[in-house]
Amino acid sequence: MKTARFLLIVVAFALCVALPPYLPRHLVDLLVFAGIYTIAGLGVGLLLGQCGIANLGQIVFYAIGAYATAYLTVYVHAPAAVGFVVGIAISAALALAIGWPILRLSGYFLALATLAMGIIANALFFEWDWLTGGTLGIGGIPKLQIFGFVLDTPLRFYYLVLGVVAICMLLAQNLIRSRTGLALRAMRDSQDAAISLAVNPRWLRTRVFILSAVLGSVAGSLFAHYGGFANVQSFGIEKSINFLLIPVLGGAASLIGVVVGALFIAFVPELLSQFGSVHQMLFGVALVGVVVLMPAGLTGALAGIWRRSVDGAKP
Amino acid sequence: MSGHAEILGVQGVGHSFGGFSVLKNVNFTVPHGSIVGLIGPNGSGKTTLFNVISGYIRHQHGLVAYDGEDVRAESIQARSIAGLVRTFQTPKVFEQMTVLENIMAGAYKLTRSGVIEDLISLPRSRADMRRITELAEEVCAKFGMEKLRHDLALRLPAGQRRILEIARAVIGRPRLLMLDEPSSGLNTNEIASLRRWIEQLRAEGIAILLVSHDMELMTVADRVHVLYFGEIIASGGMDEIQKNAQVREVYLGA
């Protein structure tokens, strides 16, 4: 079972590396977005899958990453790395400042608190046009360069995003398999019992919240470099909902679920857009379909089929 | 082991909810390595007393001393790390985790790697996990749960959940284990097995504070205290308690 899983991951990764050069440009473009969404969705997925927290505020940190990159590279002419680092630092500090008071809450109240955080931030991004450019946003963000190599095509950028996704997945996997991962799942299942085993829920949740914010910020900075602009329309509450949908659709129990969910969010609306004006309705129907028919998400449903077939094959 | 004769000392503990006194001047001790029982009718304050001792409730009056130290200001976590661990009236297992992972979670407090170390999988993080896994495998085997170790705790019957909760507490090397109604929902065989475990743990030097309605199980205790409307009305061996006229009247119904 373990070897099969490992082989599957190796084959999937090899395909991710080998296939894109042969794909049309617009598909590679969608893959780049799927990768960026995976990074932001991974943070939300860790909170949902490991801590049982529904975070509807990821857009705040995604936007902070994007604006930090936009402002610093365009107005201050700072190197791209500075944009990433400053975005991460602001996001982490804000996640600590907001997370510490709100992570005492749980369930719907916590979800509502994160939603409120997203709504307030969106209003501020709109109002603070001296910083964010308001509705006009900030354009002309330079393309990323790595050792003088300009990532100016979707394919080149894709490989950068793929690398970042791989690193983030590896780190998240480490966390899940560590003592911290054990403690997170323990308090997700029974907070009282976890406390009796010396787990400190508020501290641990705040740390994962900060980690999630950092991932959101990195994704936002990548988005800004890729698109070349950052404006407030890109950071609406519907984007936050999409980030939460990523682990919900893909399956919050596994990291692969986040990738599958991000592919769904990036590709399905695009596929449906050929049906014209009803495409948003169709997307809604697709969402409801997945949630109703596959409560454990797409990967959860696949795992169920796999288990049944293995059990069925046993004598 | 410290120089104090008792692992737990409860002195003059009182607590009230909204003006209603649930505990009134409760005094008792748990000597090292002994089994002390608490009985009393429903609503007599047993669970509140449990919550006070384990730190889930900050009580209003009196002193709770663990190993000679006043622990009133200590968090639940600090008490747990010091070896004061409880189970719950309704077993609280981690349902979406396997049996082995449940036990592993009990060893969380024996290790120290931080979130960043765990993220990057530094040597200390990997060593901690190896240690947790080895210990959990040992405890799992000790409690006869090897065959169930990859099953989700959700699938365990009530009896196994109780045992799992105890195994999860034991891996963390408790010095005082507080069991809240451990025999409720168990069949006769399971209760017999539970009794053997309680005796075995005592033999290993763990003191046990036992709350139970089960008079048969209570005979395992060295000393029993009867709680009635928040007050201890009788103390002694189980046979003395059963003969006490006041206890018979208010509790044993004879």
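Helices here are DSSP runs of H or I with at least four residues, and strands are E runs of at least two. With that in hand, here are some close-ups of this predicted model.

**View 1. Chain A as a whole.** By that count, chain A has 14 helices and 2 strands. Its radius of gyration is 20 Å, close to the 20 Å that the globule rule gives for 315 residues, so chain A is as compact as a globular protein of that length. Along the principal axes, its C-alpha trace spans about 65 × 50 × 45 Å. Of the 315 residues in chain A, 47% count as buried. Take the contacts in this chain between residues at least 6 apart in sequence: 77% of them join residues at least 24 apart.

View 2. The average pLDDT of chain A is 94, and 99% of the residues score at least 70.

**View 3. Where chain A meets chain B.** Here 22 residues of chain A are in contact with 31 residues of chain B. On the chain A side, the elements giving two or more residues are α7(A) (154–176), α8(A) (179–189) and α9(A) (191–196). Helix α8(A) gives the most to this side, with 7 residues.

**View 4. An open sheet in chain B.** Follow the strands across and you get the order β2-β1-β4-β5 in chain B: 4 strands, an open sheet, antiparallel pairing. Strands β2(B) (20–31) and β5(B) (69–70) stand at the edges with a single partner strand each, so one side of each is left without a neighbour in the sheet. Strand β1(B), residues 6–17, pairs with β2(B) in the antiparallel sense over 8 bridges. To find your place in that pairing, look for Val10(B), whose bridge partner in β2(B) is Phe28(B). Helix α1(B), residues 46–54, packs on the sheet and touches β1(B), β2(B) and β4(B) (61–66). The direction of α1(B) makes about 120 degrees with that of β1(B).

View 5. Strands β9(B) (223–228) and β10(B) (231–236) run antiparallel and are joined by 5 bridges. Val224(B) has Gly236(B) as its bridge partner in β10(B). The hairpin has 2 residues between the strands, and Phe229(B) takes a positive phi near 45 degrees.

**View 6. The two domains of chain B.** Chain B is divided into domain 1, made of residues 6–93 + 174–252, and domain 2, made of residues 97–155. Taken over C-alpha atoms, the centres of these two domains of chain B are separated by 29 Å.

**View 7. Zooming in on Ala169(B).** This residue has its place in helix α6(B), residues 158–170. Is Ala169(B) buried or exposed? There are 24 other C-beta atoms within 10 Å of it, so Ala169(B) counts as buried, the cut-off being 20 or more. Leaving out residues up to four places away in sequence, Ala169(B) touches Val85(B), Thr87(B), Gly106(B), Pro174(B) and Leu177(B). Leu119(B) lies 50 residues from Ala169(B) along the chain, and 27 Å separate the C-alpha atoms of the two.

Methods:
Residues numbered from 1 in each chain as written. Chains lettered and ligands numbered in written order. Predicted model: local features only at pLDDT ≥ 70, side-chain atom pairs only at ≥ 80, totals over all residues. Pairing = 2+ DSSP bridges. Contact = placed C-beta atoms within 7 Å. Axes fitted to C-alpha atoms, helices over the stretch in contact; angles between N-to-C directions. pLDDT = per-residue confidence, 0-100. Rg over C-alpha atoms; globule rule 2.2 N^0.38 Å. Buried ≥ 20, exposed ≤ 12 C-beta atoms within 10 Å, placed from the backbone. Domains from an automatic or database assignment.
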